[in-house]
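Here are some notes for a colleague who is opening this structure for the first time. They are arranged as numbered points, to be read with the model in view.

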Amino acid sequence: MGREVPLLFNKKKWMGRVMEWAMKDETFRFQLFRYIDVLPSLRSDALVLKVLKEYFTEEAHTPVMLKKGIERISRSTFIPYIAAKVIRAAVESIARQFIAGKDPADALKPLNSLLESGFAFSVDLLGEVVVSDVEALASTKNYLGLLDLLSPEITGWARDPLPENDKKRSVPRLDISLKVTSLYSQMDPLDFEVSVESVKENLRQIFRKAQEVGVSVCLDMEHYYFKDLILAVFKSILDEFEDYPFAGVALQAYLKDAKEDLLGLIEWVKARRRRISVRLVKGAYWDYETALNRQKGWPVPVFLDKGETDLNFEELTRILFENSEFIYPAIATHNLRSVSNAIAFAESSGLSKDFFEFQMLYGMGEPLRNTLKDMGYRVRVYGPVGELIPGMAYLVRRLLENTSNESFVRQCFAEGKPLEELIKAPEIERAVVAGHREEGIFRNQPPMDFSQAENRESIKDSLGKMKSDFSRRYPLSIGNQEIYTDREIVSHNPANPREVIGRVSLATKKEAERAIEEARKAFDMWKKKVPQERAEYLFRVAEEMRRLRSELIALEIYEVGKTWKDADGDVNEAIDYCEYYGREMIRLGTPIRLGDFPGEENEYHYEPRGVGVVISPWNFPLAIPAGMISAGIVTGNCIIFKPSGLSPVAGWRLSEIFKTSGIPSGVLQFLPGPGNEVGEYLVSHPETDFIAFTGSKDVGLDIVKRAGETRPGQRSIKKVIAEMGGKNAIIIDETADMDEAVTGVLESFLGYQGQKCSACSRVIVIGEVFDKFCGRLRGAVESIRIGPPEEPGTFMGPVIDEGAVKKIGRYIERGMNEGKPLLLRKAEGEGYFIGPAIFGDVGPGSPIAQEEIFGPVLVIMRARDMDEAIDIANDSLYALTGGVFSRSPANIRKAEEGFRAGNLYINRKITGAFVGRQPFGGAGLSGVGSKAGGPDYLLKFMNPRSISENTLRRGFAYSVRFPPK
Ligand code: NAD
C-alpha cells in the first residue's frame, strides 16, 4: 500500500489537522461531530455561527487557536457571513469524501471514474427515517429512478470493472443496497407477517426493475430489532423471484447470532438449489446496539470485545467460502488482517478470484482497495448517494468509525502502526466482556421483545384464552371475605362494546364502612412487621405479575383498549413499583442516628400513617394502583383500594395478585364503587388518614378540599398525595433533528390515543421549520393504523368510552372555530374510535390550547425564539411533562432553567417514564410533587418520628440503640 495516506488523515491538509485534534481529545471529537451533525439543518448564516459558538467557545477542550478564531469571527460584522459559507463548504468537502453525490445524477461522475479505475460499486440511497406512506413511496421511486438513470449508463460502459466477470460466476457491475425500513413506514417485527407482506409491495417493484436491467440488489442489515424481519423479507421476496440470481443480504459479524443466521441461510438456499450473495460486514451500529439494548434491559446482541467480532468475521468468511457453490461472498472490510485472512483462506482452498469480491466504503481505505484491485481481486465500492441532511447520520458514523481508537484505518494511516501489529490475529480482552451492572440493585423489568416469535405467540394465546372468561362476575374483597353485591359495574371492551369483559360488584357506603373497620383492625399487626418482611410481599407480587405477564397484557388490551406495547409497558411498570418500593422501604426502614454525643442518643425513623385510600384512574389500570398500593402497604399502612369504574376487572386482578402473595387479611381491601359516592365517603371519613389519588384535576382538587376539613372524631390531619392532569408541550427549534422530532411527537401525541397524562397535546415550533415539521407529522399520522388493539399492527385503538368520544368530538368542533385544521382523520369501527385531529394557528389562550382533552387532539403553535416558546409552554395551569427537540446547547440550557414541567425530556418522547429513572409527577395543578417511582415517594406515606434518650446512668454511657459495631 506504500505511503499513500487518505485525505482524512493527511496532516498537511486542514482536514487532517482537525482530525488530529479530534483524535487527541475525546470531548472535542464529540463536540466536533455533534456540530457537523447539526450543521446542514441550520438554515441561516447567523444560526451557523451562533451554534458554532455554543459548541466550541464555552468548551474547555476546544483548541485555543480555534476558540480565538471563532470569537474573532463572532465579533466582526462582515466576517460572519463569509465564515458561515466557509464552514458549510468545509463540512461539505468532508461529506464529499464519503458521499458520492447529492443525487444519482450528481454521483455519476465519481462513479464513472471509479469504474474507469476498475471498481464496481453498490449505491446506497441516503434518506430520512421514513415515517409515512408518502415517504415510503418517494423512497421506492428514488430507487426506481436510480435504476432508470444508472443502468443504461453502466451497461454503456465498455470495460467491465470486475476481473473475470465474463465467466460463469459473473455478477452485475452495479448493485443497489436497500434499506427495507425505508419502503414501509409501519415496519415492525411486532406485526411480523403483515410487515413482510406490506414491505414487499414496494420492494417487488424494485426487484422487478433490477431484474429487468440486470442490477444486483443487496438488503442492508439494519438495527438488530429488525434483523429477523429483514431476513424473512429477503426469503419471501426471493421466493417470488425464483429466476433472479443477483439477490443478496448483509450479515453483521458483531452479532453473536450471526453464525446461526448464516448457517440457516445456507440451508435455505441449498434446499432451493439457488445462489445468493452475502455481504459480510462487521456492523455499523455497535454503540446504538449496546446502549439501546442495555436501556431496555435486553441481552446485548453484539460482542463487547472488538477482538471477538474480528474472530467471528474470520470464521464467517470461512463458512462463506466453504459454501461458495450457493453463496457469492462479498467481504466488506477495511481491516488488513480480515482481508489477508480471506485471501489466505481462498488460496489455501484453491478458490479462484472470481469466487468472491471485496467491498469497501466510498472514501475509506483507498490505498488498500487500490492494492487489492492491482492484485486482480474484485473490489466493489459502497457509495452512498444523497443530500447532506439525511446523509449526516451516515457521515458522523463514518467519522466516528475512522477516528475511534479501535479503528483499523486510524491505526494504519494516522498512527502508522507496524505491519506485524496490523495483521496479527485478533485477541479477546476479557476485561471488556465483564458485566456492566452491580448485582442486587433495582432493575427495570425489560419490555417484552416482540421481535421474538415466542413472545408474540404468548400474547396471541392469552388473547384467545381470555375470551372464555368474558362476562364473569367478580366480588368485592374486605378482610378475608369476598362479597357479591346486587349492584354491578359492567366493563366493556372499548373496541367492541358488545363484549363484556366482566361484571364487578359495587360497594355502597355500608361496605365502605366495613372496609375501614377491617383496615383499622389490621393496622396494629401490620405496622409492627419489619420493613424487610413487608418488602418480601411486594417481591412476591412482582414475581406473580411476571408469571402472569401475557395474561395481564391481554386483559388491558380488552378492558381499556391498549395496544400490545402500551399494555406491556403498564404491566412492567406495575412490576417495577413493587420491586423498587420494596427496596426503598428496606433502605428507609433502618433508623438513623442524629448527632454524635456521648450519653445522648437521637433516633430518627418513619412510621406508617394508618389507613389509606387509594383512588386510581383507568388509563394505567395496573401500574398506577399497583404503585400507590405497594407504596401504601410496604410503609406499614392498611389500604382501601377503589379502582376506576372503567377498569374494574384489572383492579380485581391486581388485588387478587396481592392476596396470592399472602398479605394478611385486612391489609388490602378491594372496593369498587362510584367515585362521587364511595370515593367521597372514604375521603371524608374521620377514620381514614391519607388519600393517594391519581386522576383528573377537578376530582383531585375536590379531594384536597374535602380532606382539608377536620371532622368530629378525626385524630389525624389527612395527607393527600395527588397526581393529576397535564397539557403537555413539546418545543421544536430550528436545530432539531426532524426525524427524531416527528417520531417523538407522534408517539407522545398518539400513544394510547392521547390518553396518557404525560401525552403531548401542544407543540410549539420555532422559526422556519414549521411547515416541514407539520407536513411530515401529518404524513405520519395519516399512515398509522387505527383499529382494534388486539391486532398487533394497530398503532391507535379506541378511546375509553362513549363519553370520551363525545367530549373529544366537542373539542374538535371548537378547534374548527378557533384554529386551522391541519389534519382531521376519520376512524371507523364499532367501538369508541375517533380519528386524530391537529390544529394550527391556535391562540395560546384558547380552550383547546389550555384544557386537558385527554384524546388525540393536538395544537401546533409558532414561536419566534426559545424564550417565547418557553413562555407559551408555561402558559398553563398544568406542569406535568414537557419536551424539547434541539441541538443547540444554549436552547437546551434555557429549557432546563425555565420550562416548568415536573418531567422535562430532551430529544426524546415525553411519555413512558421509567420507575427509578424518571420519577414521575408534576408541579402547578398537575400534582403535589410527590414523584412516583422516585427516592422520596415513600416518605409521603409515613410520618417521621424522633426519639431522644439520655443513656447516661450513674455517669456511665452505653449505646442502646446504636451499639458499637
Ligand atoms: P377521574 O378524576 O375522573 O377519576 C379518577 C378516580 O377518581 C376514579 O377512580 C374515580 O372513580 C374517582 N373519583 C371520581 N370522582 C370522585 C370523587 N368525587 N371523590 C373521590 N373519588 C372520585 O380521572 P380518570 O378519567 O379516571 O383519569 C384520567 C385523568 O387522570 C386525566 O386527567 C389524567 O391526566 C389523570 N392522570 C394523571 C396521572 C399522573 O400521574 N399525573 C396519571 C394518570 C392519569
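1. A residue is called buried here when its relative accessible area is under 20%, exposed when that area is over 50%, and partly exposed in between. With that in hand, Phe470 is buried, and Tyr558 is buried as well. The rings of Trp526 and Tyr537 have centres 5.5 Å apart and planes at 55°, so this pair counts as tilted. Trp526 has a relative accessible area of 0% and is therefore buried, while Tyr537, at 9% relative accessibility, also counts as buried.

2. Please keep in mind throughout that this is a predicted model. The chain has an average pLDDT of 92, and 94% of the residues score at least 70. The stretch to read with caution is residues 431–438, where the pLDDT is below 50, although this stretch has nine contacts in the model beyond near neighbours in sequence.

3. On the aromatic side chains as a group, the model contains 28 aromatic pairs. In one of them, the ring centres of Phe470 and Tyr558 are 5.0 Å apart and the planes stand at 85°, so the arrangement is edge-to-face. Phe470 belongs to the loop between α19 (453–466) and β9 (473–474), whereas Tyr558 belongs to helix α22 (residues 549–560), so the pair ties together parts that are 88 residues apart in sequence. A cluster is also formed through ring pairs, and its members are Phe442, Tyr577, Tyr580, Tyr581, Phe690, Tyr937 and Phe941.

4. Lys282 is positioned over the face of Phe313, at 4.9 Å from the ring centre. In the other case, the charged end of Arg917 sits over the ring of Phe914, at 4.4 Å from its centre.

5. Which residues cover the two sides of strand β24? This strand, residues 837–840, has Ala837 and Phe839 on one side and Ile838 and Gly840 on the other, and all of these are buried, so that both faces are covered. Strand β23 (residues 820–824) pairs with β24 in the antiparallel sense over four bridges, and within this pairing Pro821 stands opposite Phe839. Strand β25 (residues 857–863) runs parallel to β24 and is joined to it by four bridges, with Ile860 of β25 as the bridge partner of Gly840.

6. Turning to charged pairs, the structure holds 68 salt bridges. One of them is between the side chains of Glu482 and Lys659, with an N to O distance of 3.7 Å. This pair links distant parts of the chain, since Glu482 is in strand β11 (residues 481–483) and Lys659 is in helix α25 (residues 648–660), 177 residues apart. Glu482 has a relative accessibility of 43% and so counts as partly exposed, and Lys659, at 30%, likewise counts as partly exposed.

7. How far apart are the closest N and O atoms in the salt bridge between Asp867 and Lys894? They are 3.4 Å apart. Asp867 is partly exposed because its relative accessible area is 40%, and Lys894 is partly exposed at 33%.

8. A salt bridge between sequence neighbours deserves a separate look: the side chains of Lys697 and Asp698 meet at 3.5 Å, N to O. Lys697 has a relative accessibility of 16% and so counts as buried, whereas Asp698, with a relative accessible area of 56%, is exposed.

9. A last point concerns Glu543, which is found in helix α21 and which, at 46% relative accessibility, counts as partly exposed. Glu543 and Cys578 are 35 residues apart in sequence, and in space their C-alpha atoms are 9.4 Å apart.

Definitions and conventions
Residues numbered from 1 in each chain as written. Predicted model: local features only at pLDDT ≥ 70, side-chain atom pairs only at ≥ 80, totals over all residues. Heavy atoms only, no water. pLDDT = per-residue confidence, 0-100. Contact = heavy atoms within 4.5 Å. Buried < 20%, exposed > 50% of the residue type's maximum accessible area, 1.4 Å probe, protein only. Pairing = 2+ DSSP bridges. Phe/Tyr/Trp six-rings, centres within 6.5 Å; stacked < 30°, edge-to-face > 60°. Lys NZ or Arg CZ within 6 Å of the ring centre and 35° of its normal. Salt bridge = Lys/Arg side-chain N within 4 Å of Asp/Glu carboxyl O.
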